Amino acid sequence: MTLIAIGIESSADKLGVAIVNSDGEILANNVKTYKPGIGKGVIPRDAAEHHADNVSKLINLGLKQANITSADLDLICFTQGSGMGPCLRVDAVAARTLAVKLNKPIIGVNHQVAHVEIGKLIGQLDDPIALYVSGGNSQVIALAEGRYRVFGETLDIPIGNCLDVFGREMQFDNSEKPMGAVVEEYANMAKERGGDIFHELPYTVKGFDISFSGLLTAAIKLAKSGIPVDEVCFSLQETAFAMLTEVAERALAHTGKKELLVCGGVAANSRLKKMLEQMAEIHGAKFVGLPAPVAIDNGAMIAWNGILMHQAGHTQNIEDTLVRQRWRPEEVELIWLENEINNLI
Ligand code: AMP
Ligand code: MG
């Protein structure tokens, strides 16, 4: 029997609600982003207010697009962690309300693990190295010894945050598109002009880990020193993405896996995807860059991971749905992957 799940995600600045069925079909997948205004960062309490104001609308829109009513839902899935506390509480409260009202099972999903699982579904991957690059995370995640392990991650700020803060410092207008996409446009402008456009910036890789804060400070300083801002954007991208490609390559080489997935909002970047694709080719690995609607924070990944958990027999009481701000992927018991894990061992 085909199950229908709703997935609600509000761990950071985006509110996502999706309807997905157990055949892996995404029937609706809508995202609404909280915008703090030009030059400002995300204030968790304000973002949570935005999500609370919009969650009912997005649930109704999803049901309408999927051509179902709430009574047709078999499963209520929400992001339980990790993320910003006030924001997470919105998806948790919405999910609890639906689950109690409809008397349907509730499932709390781990955000990072869900990013990987939707990547496997959409990219038709079995066992990838996942480079998860977003506004709040920069991690290399892969299945090892029965868990999704974080092989490497940023030691300070995430790559998305690095691009966002740089853009804010440059007073770029990101009212029409994400700041990372604006930085990418400037970088492309420099590339088209050609010539001596690369300027050296700090490149910090420690084993599988990376650091972006020194790079950010140096890039801002470089732009303020009179170097054309598009050249700084180009140099920033080349340096940061080379660092990410290096750690992803190290993970591929270390594990011997043959699939590379890039997910998270920064996966929308063409230059990053090109670098990763070229590196994967050298290793004979299949490369998948996810399309934006399933790469950014979204409800579809939460619904899909919830379906996998439910089908593997996971059950959860309402009392066990408190949000987990710091829930790490390696803490998640992968009951839906038991066969794969046994085959690997
Ligand atoms: P997420 O946290 O996964 O929702 O992703 C949001 C992050 O993705 C923000 O930091 C955006 O600036 C970044 N982003 C979106 N589009 C692009 C792009 N084309 N290039 C680089 N970063 C991007
Ligand atoms: Mg995310």
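I take buried to mean under 20% relative accessible area, exposed over 50% and partly exposed in between, with a 1.4 Å probe and protein chains only. I take helices (H or I, at least four residues) and strands (E, at least two) as DSSP runs, numbered from the N terminus.

The model is predicted: local features need pLDDT of at least 70, side-chain atom pairs count only at pLDDT 80 or more, and totals for chains, interfaces and linings use all residues. Residues are numbered from 1 along each chain as its sequence is written, chains are lettered from A and ligands numbered from 1 in the order in which they are written, and side-chain values use heavy atoms, without hydrogens and water.

Entry: strand β11.
I looked up strand β11, residues 259–263, and found it mostly covered, with five of its five residues buried. Which way do its side chains point? Glu-259, Leu-261 and Cys-263 point to one side of β11, Leu-260 and Val-262 to the other, and all are buried. In a regular strand, side chains alternate between the two faces of the sheet.

Entry: the neighbours of β11.
I count two strands as paired if DSSP finds at least two bridges between them. Strand β6 (residues 129–133) runs parallel to β11 and is joined to it by four bridges. Ile-129 is the residue that stands opposite Leu-260 of β11. I then turned to strand β12 (residues 286–289), which pairs with β11 in the parallel sense, again over four bridges. There, Leu-261 has Val-288 of β12 as its bridge partner.
Helix α8 (residues 270–282) forms a right-handed β-α-β unit with β11 and β12. Right-handed means that, with the strands pointing away from the viewer, the path from the first strand over the helix to the second runs clockwise.

Entry: aromatic rings.
I let rings of Phe, Tyr and Trp (its six-membered ring) pair if their centres lie within 6.5 Å; planes under 30 degrees apart count as stacked, over 60 as edge-to-face and the rest as tilted. How many aromatic pairs does the structure hold? I noted three. The ring centres of Phe-166 and Phe-172 are 6.4 Å apart and the planes stand at 80 degrees, so this pair is edge-to-face. Phe-166 counts as buried because its relative accessibility is 0%; Phe-172, at 5%, also counts as buried. For Phe-172 and Tyr-186 the centres are 4.1 Å apart and the planes at 10 degrees, so the pair is stacked. This pair links distant parts of the chain, 14 residues apart: Phe-172 is in the loop between α4 (159–169) and α5 (179–193), and Tyr-186 is in helix α5. Tyr-186 counts as partly exposed, at 25% relative accessibility.
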